[in-house]
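User: I would like to learn how to read a protein model. Could we go through the features one at a time?

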Amino acid sequence: MASSSAAAGSSSSSSTKPVEAKAHYSGLWIGEAQPAPGQEGDVPVNPIKWALSICPGPYPSIFGAGFFDDAADVPNAPVLFYVLKGEYDPADRSVKITKTYENRNIPEALKVEYAGKLQEGAD
């Protein structure tokens, strides 16, 4: 299982401001996933471009999807689709997201785990 750490948000900004509580946070999330500490040599920094919703409430409180259109490592599948689901804790603004691929050539056990904090930055 690969593991990455990502700060969820629409951009990476050195200054962040507190995010007011909202009913949900939904949209196109753009950023990058940084490797977990100790995996920097094995896991590259990867771009994130997800259609994702965070809805405080029961699990799953995070859900979404996305695709890669440059997947050269899976035979006969240049486009890979995936589903995102996870948990959001409004108390400490932490997010935990699991990415599962939707392709029978990829083992179901292959999942990518993301963890981070919800932040708001400039678009």
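User: How much accessible surface does the protein have, and what share of it belongs to carbon and sulfur atoms?

Analyst: This is a predicted model. The accessible surface of the protein comes to about 7,900 Å². Carbon and sulfur atoms account for 55% of that area.

User: Which pattern does the protein follow along the sequence?

Analyst: The pattern is β-β-β-β-β-β-β. The count is 7 strands and 0 helices. As for contacts between residues at least 6 apart in sequence, 47% join residues at least 24 apart.

User: What percentage of the residues in the protein is buried?

Analyst: Of the 123 residues, 33% are buried. A residue counts as buried when its relative accessible area is under 20%.

User: Which residues in the largest nonpolar core touch the most other members?

Analyst: The general idea comes before the case. In soluble globular proteins, nonpolar side chains tend to be buried together. Here the largest nonpolar core has 19 residues, and those touching the most other members are Trp29, Trp50, Leu52, Ile54, Ile62, Tyr88 and Ile97. Strands β2 (25–35), β3 (46–54), β5, β6 and β7 each supply at least two residues of this core.

User: Which residues does Tyr88 touch, leaving out those up to four places away in sequence?

Analyst: Tyr88 is in contact with Tyr25, Ile54, Pro56, Ser61, Ile62, Arg93, Ser94, Val95 and Leu118. Two of these, Ile54 and Ile62, were also named among the core residues that touch the most other members.

User: Which residues form a nonpolar patch on the surface?

Analyst: The patch consists of Phe67, Val79 and Phe81, and together they have about 290 Å² of accessible area. Phe67 belongs to strand β4 (residues 62–68). Its relative accessible area is 48%, so Phe67 is partly exposed.

User: How many salt bridges does the structure hold?

Analyst: Again, the general idea first. Side chains of opposite charge can pair when their charged atoms come close. This structure holds 1 salt bridge. The side chains of Asp92 and Lys117 form it, at 3.9 Å from N to O.

User: Why does the pair of Asp92 and Lys117 tie together parts that are apart in sequence?

Analyst: Asp92 sits in the loop between β5 (80–89) and β6 (94–101), while Lys117 sits in strand β7 (residues 111–117), so the pair links parts that are 25 residues apart in sequence.

User: What is the relative accessible area of Asp92, and what is the relative accessibility of Lys117?

Analyst: Asp92 has a relative accessible area of 36% and is partly exposed. Lys117, at 39% relative accessibility, also counts as partly exposed.

Terms used. Residues are numbered from 1 along each chain as its sequence is written. This is a predicted model: local features need pLDDT of at least 70, side-chain atom pairs count only at pLDDT 80 or more; totals for chains, interfaces and linings use all residues. Side-chain values use heavy atoms; hydrogens and water are left out. A salt bridge is a side-chain nitrogen of Lys or Arg within 4 Å of a carboxyl oxygen of Asp or Glu. Helices (H or I, at least four residues) and strands (E, at least two) are DSSP runs, numbered from the N terminus. Buried means under 20% relative accessible area, exposed over 50%, partly exposed in between (1.4 Å probe, protein chains only). Patches are made of residues with over 30% relative accessible area and no salt bridge: like charges are joined within 9 Å, nonpolar side chains (Val, Leu, Ile, Met, Phe, Trp, Tyr) within 5 Å. Accessible areas come from the Shrake-Rupley method with a 1.4 Å probe; for residues, only the protein chains shown count as cover. Contact means heavy atoms within 4.5 Å. A nonpolar core is a set of buried Ala, Val, Leu, Ile, Met, Phe, Trp, Tyr and Cys residues joined through side-chain atoms within 4.5 Å.
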